[in-house]
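Have the sequence and the model open as you read.

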Amino acid sequence: MTDSLPPGIFIGEMEAPFKWILIHAARFQGLIRVKAGDEEGFVMVRKGEPMGCTFQRKEELLKGKDAYLHIIGFPVVNLYIHRYTGDEMEAATRFIQSSGAEYSPSEPGPGPQPPREDVQIEGEAGKKEAHETLKAGDAIPGQPGEVTVLSKKAMELTAETAEETAVILPSGLDTENLAHLLLRRMLRLPGVQAVSIFGRGTSVLSIGKVELDSLVVLAEDMLEAAKEISTVMHTGPFVHLTLQIPAGKVIIAPYFNEYLCILTSPEVNLGQIRKILKDIPAATDAGR
Amino acid sequence: MPKNELKRLFSLDGVRMAIIIDPEGGVSEEMGAENIEGDQLAAVVSFVMAESRAMATRLGEEQISMVFVEFRDMALLSIPLDGGFFLLLITHPTANVGQISYELKKNQDLIGSLL
């Protein structure tokens, strides 16, 4: 059935509970193909919400809500993620509507599902630890291309516990771990006092000697003002903003779909900070 | 008016435009880049400087030393002058920002005193 859908841009694959990927796909639009053993299906997603699903369960083709409930009943599935453009999204939506596979997020939610008892991935389901049946690894990405579920017993995963489980993205990056690593790396530089990741006026993650949460609203105001420059001349994308004051510097730079705010003393080496900023992978590398 | 000083900054490698912005957000002096609408740019940059000043105040500082905004295709350096004026330089992205900001700060007091 997926043959009739736009292929999109393949951005990676992983093993995870399906609900986990939705939680981390707030800005994603596209198609997620789902495989569980010999069975497979797909979920079309817009901004973290399912829009349509099908799932081939043996001889039976499940559609819409039935398919979705079936998919989220698996503790872990193989996911193949394809990003769509706006046009592809429209084409896929038309196909979903014509095939009766629509699943509206406004329909009553299924709520947390218990793990399926009939599912066996590999080995002795429910008994062996996850790292024996899945690709094991540490919290820090070490093997690009692999996906690691870190929980002790993947077979015991429910949708709720899955939300707390770290999963390494196909590029080898776990965005949460990456954020912590990056912030700590910056904080180790001489002169860096505090670092925060922020978006929409709120601090997402903040570390350092100075409390930055109350500064991010001002940082966002500066950022929005700076972006206005692009309305009066050709500038290209925003790279960074540095405010120098006698006591130090405030640096604002893009970080995936959010921004970094870095507070430093005057003696900071800006070259080192810019080097780290340049090392931040493009958002697409991490599937966002 | 500090035309000579502005000309000196404008002649630095990588500088595309030099503007002095008055406290009302208008152009006081302008040099270079004919394809850039100086008045509109001055108004927008005034807004950036105002927001930057708010941040500086929040951090317990009354003074901004410099604001540097980098885009892929260009960069802006702005420093405050006396009397609420600003000096703005627009540079190529590959310009030597270290050297330009040094020259900018070196001429800051002189330009300010001539306004």
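Is the crossing of helix 7 of chain A and helix 2 of chain B left-handed or right-handed? The crossing is left-handed, meaning that the near helix is turned anticlockwise from the far one by less than a right angle.

## Ground rules

This is a predicted model, where local features need pLDDT of at least 70, side-chain atom pairs count only at pLDDT 80 or more, and totals for chains, interfaces and linings use all residues. Residues are numbered from 1 along each chain as its sequence is written, while chains are lettered from A and ligands numbered from 1 in the order in which they are written.

## The helix pair

Helix 7 of chain A (residues 216-227) packs against helix 2 of chain B (residues 38-58) at about 165 degrees, with the axes 8 Å apart. So the two helices are roughly antiparallel (angles over 145 degrees).

On the chain A side, the residues in contact (C-beta atoms, placed from the backbone, within 7 Å) include A:Leu218 and A:Met222; among their counterparts in chain B are B:Phe47, B:Glu51 and B:Arg58. The contact residues divide into nine nonpolar, one polar and three charged.

## Helix 2 of chain B

After the helix comes B:Gly60, with a positive phi near 85 degrees.

## Chain B overall

Chain B has three helices and five strands, running α-β-β-α-β-β-β-α from the N terminus. Of its 115 residues, 41% are buried.

Definitions and conventions:
Axes are lines fitted to C-alpha atoms, for helices over the stretch in contact, and angles run from 0 to 180 degrees between N-to-C directions. Helices (H or I, at least four residues) and strands (E, at least two) are DSSP runs, numbered from the N terminus. Angles under 35 degrees count as roughly parallel, over 145 as roughly antiparallel, 65 to 115 as roughly perpendicular and the rest as oblique. Two residues are in contact if their C-beta atoms, placed from the backbone, lie within 7 Å. Ala, Val, Leu, Ile, Met, Phe, Trp, Tyr, Cys and Pro count as nonpolar, Asp, Glu, Lys and Arg as charged, and the others, Gly among them, as polar. A residue is buried if 20 or more other C-beta atoms lie within 10 Å of its own, exposed if 12 or fewer, and partly exposed in between; C-beta atoms are placed from the backbone.
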